[in-house]
Amino acid sequence: QVQLVESGGGLVQPGGSLRLSCTASGSIFSISVMGWYCQAPGKEREMVATINFGGSTNYADSVKGRFTLSRDNAKNTVYLQMISLKPEDTAVYYCYSYIRRRDLGWGEYWGQGTQVTVSS
């Protein structure tokens, strides 16, 4: 079994900052991609940022220059530093990972979601 545990969401004023963390645990052989997706009310889930094992990142255009994704491979953890937050960043943020399990091979895994609300 594999679990993704997220932390760091909350309420912040426009222009503020938050840092999300996500740690993968369980029967993990290796992890390829880790990242974050978000889903606002009434909208589809969309990619925010992803990072591969080598550290190459990919960002949605809406967050470039404001969000920074980093990864600690030794801890199976990914961090999303968010600055200059805007009300339109308000959404549930889901951690994502593409993991090779020791028993089942490769598969996609999701965290339970953490709410980020940007409001004055």
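Reply: To begin, the side chains of aspartate 61 and lysine 64 meet in a salt bridge, 3.1 Å from N to O. Both residues are exposed. The model is a predicted one.

Me: Why is the contact of aspartate 61 and lysine 64 called a salt bridge?
Reply: The N to O distance is 3.1 Å, and the cut-off is within 4 Å, so the pair qualifies. The structure holds three salt bridges.

Me: What makes arginine 66 and aspartate 89 a salt bridge, and where in the chain do they lie?
Reply: Their closest N and O atoms are 2.8 Å apart; the limit is 4 Å, therefore the label applies. The pair links distant parts of the chain, 23 residues apart. Aspartate 89 is in the loop between strand 8 and strand 9, and arginine 66 is in the loop between strand 6 and strand 7. Both aspartate 89 and arginine 66 are buried.

Me: Why is aspartate 103 called partly exposed?
Reply: Its relative accessible area is 49%. Exposed requires over 50% and buried under 20%, so aspartate 103 falls in between.

Me: Which residues lie nearest the centre of the largest pocket?
Reply: Cys38, Glu46, Ser62, Glu88 and Asp89, out of 17 lining residues. The pocket has a volume of about 230 Å³. Its lining divides into eight nonpolar, three polar and six charged residues.

Definitions and conventions
Residues numbered from 1 in each chain as written. Predicted model: local features only at pLDDT ≥ 70, side-chain atom pairs only at ≥ 80, totals over all residues. Heavy atoms only, no water. 1 Å grid on protein atoms, 1.4 Å probe; cavity = no way out; pocket = protein on both sides within 12 Å on 5 of 7 lines; lining within 4 Å. Points joined across faces, edges and corners; volume = space filled by probe spheres on them. Nonpolar A, V, L, I, M, F, W, Y, C, P; charged D, E, K, R; others polar. Buried < 20%, exposed > 50% of the residue type's maximum accessible area, 1.4 Å probe, protein only. Helix = DSSP H or I, 4+ residues; strand = E, 2+ residues; numbered from the N terminus.
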